[in-house]
Amino acid sequence: MGDTNLAEDGTITAGSANGRDQSQDRHSGAVTDLRRTGINPNFWYPVALSGSVRKNKTFAATFAGERIALYRGQSGTVYALEDRCAHRQVPLSMGVVEGDVLRCCYHAWAYRGNGRISQIPYLPKGVDRPPRGVRAYPAREAYGLVFVFPGDLQKAATQALPELPEFASAKHKTMTFSRTVRCHYSFMHENLLDMNHQFLHRGIVGRIQPRLLGYDTGPQSVEARYLFTHAGGKKNRGAGLLARDGIGGGKSPDVITIRTGYPYQTLQLVPENAELPAFSLWVAYVPEDAEQRTNHVYGLLMIEKPPIPGALNLAWPFIRRFTERVFAEDRMAVEAEQRAWDEQGEDWNQEIFPLIVDVRDVLRTNGVPIRPASAQCAAATLCGKSSLVSTTPPTAPRPPGPGSTRGWYSR
C-alpha cells in the first residue's frame, strides 16, 4: 500500500493509493473506509419472515448486533422488544407468550408490547415496580415480512415502508427468499449494481454481454440501465422462463434497470416493447453483527404471470433452481471480498467503474460510523451500560461452494 496509513478510527490518510475509493473528511483530512461504515438505522428493515413468527410464539432476530425478541400475541399483532430481561438479562426470546404479554422464562417477569413491565409475580407489597422495562421497537408487517425500525423513534412515523405495487398485483407471483451472507452489506450493493461480473455466471447463462446504457445518481440513489445480449454458450431453461425468452437470450435484447435507493435495492427486467417488467426484484441487506461483517438478505422476486393459466406454477421449480445457482455464485464472490478485507485490514480495492465509485459515495454519505471499540447496549438509555465488542475481524468460515444453496428460499 506504499505510504497508506490506517488510523485507529478506521480512516485512511488522504494520500493513499486507493484514495479514489474513499470519501474525504473535510475536518481531519482523512478518508473513510466504506467497510467501516454502518447502515443507517432510521429506516424500516425486515428482520424475519412473517411465517417464522407464529401465534403465541417468540422469534430471536438481530439488527447490527442488537438482539431483538419478536413475538406474536393472541391478537395476532407482532411485537418487537429488546431481547434481554431487565432483571437478569436472560433473552426474552426464550420466554412464554401469554395473550399479548411476553413473560421471561427465568423469574416470570412479564412485559407488554411497549416494553413496560406488567407484572413481577413475587414483588413484595409496598415495593415499587422498576420504572423502566426494555426497549420496544416499532414493528410492522408487509409483503410477508416483519419490519422493525431500529433508529430514532420519532422518525418511525414519518419514514415510509418501501412501496412494491407488483407484490399486490394479480398479474405477478412472488418468490420470497431469506439468506445469511458473510460480508459487509456494501459488497452486496456493488455486486448487483455492477453487471460487468457476468463472466462469473458463464456456466449458467452462457456468454452474456452487458452494456451500460447510462446511469443517474443523486444524494440517496444510483440507478443504472444495462442492455443484455447473448453472445453464445448454453442457455439456461430457468433463465428463459424467468425472462420470457431468457436473459439476453431472446429474439431481442433485454434492458435491465438496477437501483440502489438507500438502503434498499431493486432490479427490473423489461423485454423490448413490453409494458410490464418480466420480473422485479426488491432486496434489503440487514446487518446482523455489531461490526456488520455479516448481513441477512431478504428479497422478493415478483414474476409476471404468462397468459397461459398455471404455466408459471409449472415453471416455478426451474426458476427457483436458476436463481439459487446465480445467488450461490454471487455469495461465493462477495464472501471472498470480505475475507480479503479481513486479511488486509482495510480496503485495497482499485475500482475503475465510475458507477460503483458513485454508489460507494451514496452508501458512505447516508451511512453511520461503526464504533470500533464498543457497541452501546440496544437500550442504552434504559440499561445505562455498554458492552465491549472485539474490533478484531472474525475468522469467516469457508463458505459452501457455488452449488450449495441451503436455506436461501423460504418458499
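Let's start with helix 3 and helix 7 (residues 354-366): their axes come within 10 Å and cross at roughly 150°. By axes I mean lines fitted to C-alpha atoms, for helices over the stretch in contact, with angles running from 0 to 180 degrees between N-to-C directions. Helices here are DSSP runs of H or I with at least four residues, strands are runs of E with at least two, and both are numbered from the N terminus.

Before going on, please keep in mind that this is a predicted model, where local features need pLDDT of at least 70, side-chain atom pairs count only at pLDDT 80 or more, and totals for chains, interfaces and linings use all residues. Residues are numbered from 1 along each chain as its sequence is written, and side-chain values use heavy atoms, with hydrogens and water left out.

Back to our pair. Helix 3 passes helix 7 in a right-handed crossing, that is, with the near helix turned clockwise from the far one by less than a right angle. On the helix 3 side, S186, H189, E190 and L193 meet L355, I356, V359, R360 and L363 of helix 7; contact means heavy atoms within 4.5 Å.

Helix 3 (residues 185-193) has another partner, helix 6, with axes that come within 10 Å and cross at roughly 135°. This crossing is right-handed too. Here F187, M188 and N191 of helix 3 meet D330, V334, E337 and Q338 of helix 6.

Just after helix 6 comes G345, with a positive phi of about 80°.

Now over to the strands. T257 sits in strand 19 (residues 254-261). T257 and L267 are 10 residues apart in sequence, and their C-alpha atoms are 5.6 Å apart in space. Leaving aside residues up to four places away in sequence, T257 touches E223, A224, R225, T266, L267 and Q268.

Which loop holds P263? The one between strand 19 and strand 20 (264-271). A cis peptide bond joins Y262 to P263, with omega about 5°.

One last stop: Q89, in the loop between strand 8 (78-82) and strand 9 (96-98), is a non-glycine residue with a positive phi, near 70°.
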